[in-house]
Amino acid sequence: MKKNILIILAIFLALSCEEIDPTRDINNPNLLLENVIGSPGSVNSWIVGQERQMAIVYNQVLELTELGSDNYVNVQTFFNQQFDRLNITFQDADVNTIAFRIADLRESGKIGLNDVFPADPTATPEQEAQLQFYVGWAKLLAGELFVALPDEGAGAPLSPTENLNNAVSDFLAAEAIDGNNPSYKLALARAYHRLGDQANAVTKAQEAIALDPTFTRTVEFDGTNLPDNDFADGLFQRGNFDDYQPLPRLDFLDPKYFVVGDEESPVYIQKIEEAYLIIAEGQLADGDLAGAQTTMNILLNVVAARGMAMLDDAVENRNERPTGTSVTVRASAADAFKADLVLDRQSGEIPVFTISGTSVVSGDVTALTTVTGALELLYLMRQEIFIAEGRRFVDLGIRIPISENEMLTNSNVTDSDLQAFVPSFVPTDMDAFTFDAGTNEVTITHNMNAVLVANRTDANVVPFF
Amino acid sequence: MNKILLICLMLLFGFTAESIAQERTVSGQITDESGESIPGVNIVLKGTSVGVTSDIEGNWKLSVPSEGGILIFSYIGLTAQEVEIGNRSIINVTMRPDVQQLTEVVITGLGGAVDRSKLTTTVNTVNSDDLKYTPIVRIDQLLQSKLPNTQILQSSGAPGTTGVIRGRGINSALTGQQPVVYVDGVRVDNLNTQGGLNVATGGAQSSSLADIPVDQIDDITFLKGGAATTLYGSDAANGVLLITTKKGEAGRTRISYEAQLGAINGTGDYFVFDEVKELGFRTGFLNSQALNISGGNDAITYNFFAKYRDDNSFQFGQEERRYTIGGGYNATISKKLNYQGSFSYISNNYTRLPNANSSFDRTFGIDQGLPAGQLGLSTNKPSDWTAEDKDIVSKLIRDVASLSDITTQIRRFTNSHKFSYDVIEGLSINAIIGLDFRNSRAQEIQTNEYLVAQLSVAPGTTTEGSIERVDRSFLSTTGTISANWTAKVGDFTFNTVAGAQFFRNVDDQQEVITTNQAETSTTINISADQSVEDFQSSVVNYGYFVSENIGWKDKVFLDIGFRNDFNTAFGDDASSKFYPKAGISYNISEEDFLNSSNIISNLKVRGSFGRAGNFPPPYTRDAQLNANAFNGQLAFQPGQVGSSVLAPEELTTIEGGVDLGLLSDRINLEVTYYTSTTKNALFSAPFAPSFGSENQVRNLGEIENKGWEIYTRVNIIDNNDLKLSANLSWNKQENVVVSGGGAPEFSVGGFTFLGSFIKEGLPVGYFRGSQPTFAEDGSIASVEENAVLGKPTPDAFGSLGINASWRDLSLFVSGDYQYGAAAVNTDEVLRFFRGLQDDRIPEASNSPAAASFFDLAGVWVEDTDFLKVRNITLGYDLRSLVSNIGILRNASIAFTALNPINFHSSVFDPEITGSGSNNLLPGTNTRTQNAVTTGGFGFGTVSAPRMYIFTLRLGL
């Protein structure tokens, strides 16, 4: 009897201990990959994730590449200043972060393609093409921005041409699945353009226009759940901090991004304008000035049709820099002063060009008489249309090195991969200008569009020449 | 029968008559220094066995011979006194603590109460007397300069914010450095960094240390990580702080009342421009009222208290208000069973201003340069401001302060229950169970009006209002059961402890952010959109432990033990963790050849080896996806890759030292040398970026701290009327990351241009940035990129104090110092941007146009040597004046000056870190909660203010 009682007591005790087990319900509330593979709709969420990663990539790329061009100068911020002065070193933490963000986009895309897509019963071919696009886009950015970059973990660094060719392969794969998406055509046109493959670039540009003559593709941000548009902070939202200041001749295009409530400005990563810019550059490379003029005039119409928004920008402060409508600006000492490039932000709302804007008018195009003159105007349009989109840095032929962290943990990295590349004709004081407060005249030190044209045969710039 | 009875009565009367003839009666009352009566004191007539004990009121009466005689008054923990009776019939005695005896029994938590002589490690204790005149607000500030081997820095003068605590160096590159805290055996929330979710108040993060119940402290013991904390296992590498609260004493009911009134004066010592103080500060007012009731009888004692405290701050728009109630009680249930309980409830309410990482920081931007053009100032240089300029800035400050709405509310309930059962003589079983429940709500309401006032948005804006709110609910449950056995066999003593312990922490956080919040509304419902996020973290740690202390002839003690620990945060393939300890001490002064020494009164050598751990953050072991809301959809992205072998980092400490007492312990000296090595150090280090994988917490590195700890206390004068003692500590330390485990160096804080990094061969958190060299003409000749610019940890630090008393007047002074550390003067970088810079940079490079601040980084790293006097208190005991006034038993007054004097080598306050425990580099380290805090970025915040406090205490 005693024994039985003891056994019953022991059972009760054991059960009680189970009930009061302190480790009960200590579970990871987060999501594990193994729980996602095979679930219906997982590809859709994965693609949303890729879009989110694109936002993260662009937050990193835009801040740095715009500083590394003549578009913006870093006045007083904790954003990177070395890029502003083109002192881009492999030890720079931001160099590492850009490479990491791009690799993250690529590797996430690969997991999406190889693991998530095949297991999702609801997956569509269009989704497969989308995933292929992100992988290609990562390689495109690697090819455009870096001296060299591996395309797999601790892999051998690939040259820009190799990365761009790999991007082309991915975009072609996407195009093969979904041939009616202008995004893949325009991505191909862009990659071919950078590779100097004029024929293919122009063909894909024309195909893109044919599919959608007003096409745009954006990276969206999420003002409430993040990431929000970091670059908008630098351009607009930090108010009295006034981080990024545009070159005075681009003042009228600023701020391209702003925030109203939780509405974040998107970044346009693809615009049909690019197709026209590529076609026109091809025409000029072929010596077809008249054809280029026609294309450029169509482009002006496309840009004009993009419209503008009105914004109260009184919170922005130019500090000691030129401001007000009486300011005139010339692109260099050799150029003529132009009016209406600098705005007065303290007297009511200003127009902002959220997609594309340009100071070039039809008369400027009509007045062109030389290929080089046309090319300079075309690159000015390119600069203005693409401002704050991270493209100028690439057009100037500047390339970022492989980072220290990659070097320390990847034996394939060589010393040459660790050197940034800045073309010899690109000066470090691209943002410089003089301002005569008496006459309200601004003279920019370097007309970088003229510099590019003068060096158009250099392999790193103006790809079709 | 009647005859026998009669004879007995006769004998009795006869003897009595004889005694009456030869004896007399003396009586009196026994009190302690504060006038409280002491029951249970033994009073013995010297040379006889005749004696009594004092009653509950401290009264006693004894028959003594008609002439002569000496009475001996004795009580454990108090100095025994011999008093000649003379011809007195009333002898009142005031008994004083026996310093030597008091320090002999040390509470070591799970190791039980141990004689200090048996300890093989150094243990710091602070008792209620040490805190007598210290205005008690929060545990870390209370201990500042009171723990001889621990450095506590106040990162900001903002109420309730995080501080920086460092003991034996920084032993982790991942987790916070604050010790774990036990109140009456119950582990309490000690989060001293920002949480998983935070209201972005610019680095002013609430610390859970700020509301740990401290008002009724009886005793604090600090065990440094290593052998002293081995029994606490995977949770104790940073040391363990044990707080024991008062449980009351048997005797009459005692009621005491304390009022503290004070003036709060923001210090302008650290600002470049006096206008910060002139325009931004005011004299604040402190009002604290406390009531305490205690008493009891032989079976039950109790101590209850209630307190209200309001500090309306030296800055506009800032306040701290606190309500506390609590109590402790002890019940002797039977001869064998004893129960102790305690509870406290704290309601804390902070109103804060925007801090460092805000458009307008705590100095309202004055010290960094306000935008003159936008504000209509004649210049942005405050020292050149006109009266009109000052009016503009004054209005701005008042607008920002009155319109800002940053609040934190904390509700915290802590309780503890302890049962002790004496099984047989020498063997007892103790069980403790208790919980700490802390609920906090941090909230920032930004109205359009506020955003316009602080120039963030254009006038007329109506859509930018928002509420950001974070609710955190934290529940910690602790359970311990242990058996203590003591025995003496021949020359040997045995003190054995065996037991098991668990704690369970559940931390739930939720954040809501609204956009386009309707003006004046304070509910999140009245907004255009709301986003929510949560953070969950739960962990259970459980293990069993055994400890054995073997003594031989009270001279040599051997201390061995271990804990075996399990934890839900360990990787699936990581086994339980075994933590051993071993130590030996030799009390040489117990040897005959020293026993009679007039010079050496105490000499002990000791050495120990011990291990303790830091368990990894919950869930970091798992491979997981990041799933985020993104524009109304669910976004999946690869997250951490996980580690199935994730284990705690293990801190192994080897220490050896000497305790020396000279001249009847008039001079005490403790010298310790230690090496503490963190193996399997947890690093959140990056992979090669080409993997595209986010950082993963891994057991990668090794960190070493070593150094000397020297503490001396000297009783310079010690007689009945006049006492004077002084103490001084000096802690020399070296910190180095011995191994990075093959990972590239990584950042743990700071900015892109100048960060705090972890790199093999260098101290934890060393400053990395460019170091310029200037040519003769002042231009930058060369720049060393990624140079080592300094380290946030000092070469040495220490505390100092003076205690003096003359009759009823007492003086107390404490302070601390450091040297050999550095910090970044971030405010000066901002002044550089705005044309207000000093001349540390040669003129040719001294502007943003002439040189990049990236290249100049090194010039802003400054040495941060300091000596700060933290507390000067003058107290006067009025007992002798009030003892005959009505029901008053005792009274005292005190005047305290906090933070009155400082000497510092840096331009800014070397203690402050504008970002608090914030990791300033978003993206480089995904962890925020309990992340390592190295400090060293001074900007945009204010220092702890000077306070002048008048204290009145009355006892009934």
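These legends walk you through several close-up views of a predicted model.

**View 1. Chain A as a whole.** Let us start with the overall layout of chain A, which has 16 helices and eleven strands. Along the principal axes, its C-alpha atoms fill a box of roughly 115 × 50 × 45 Å. Chain A has 465 residues, and 58% of them count as buried. Looking at contacts in chain A with a separation of 6 or more, 72% come from residues 24 or more positions apart.

**View 2. Where chain A touches chain B.** Here the contact draws on 65 residues from chain A and 61 residues from chain B. On the side of chain A, the elements giving two or more residues are α2 (33-36), α3 (42-67), α4 (93-119) and α15 (404-409). Look for α4(A) in particular: with twelve residues, this helix gives the most to that side. By residue type, the side of chain A that touches chain B holds 21 nonpolar, 30 polar and 14 charged residues.

**View 3. The largest nonpolar core.** This core has 146 residues, and Ala275(A) and Leu378(A) have the most contacts inside it. Its largest share comes from α3(A), which provides 13 residues.

**View 4. Around Ala275(A).** Which residues is Ala275(A) in contact with, leaving aside its neighbours within four places in sequence? They are Leu186(A), Ala189(A), Ala205(A), Ala208(A) and Ile209(A).

Notes: Residues numbered from 1 in each chain as written. Chains lettered and ligands numbered in written order. Predicted model: local features only at pLDDT ≥ 70, side-chain atom pairs only at ≥ 80, totals over all residues. Helix = DSSP H or I, 4+ residues; strand = E, 2+ residues; numbered from the N terminus. Buried ≥ 20, exposed ≤ 12 C-beta atoms within 10 Å, placed from the backbone. Contact = placed C-beta atoms within 7 Å. Nonpolar A, V, L, I, M, F, W, Y, C, P; charged D, E, K, R; others polar. Core = buried A, V, L, I, M, F, W, Y, C linked by C-beta atoms within 7 Å.
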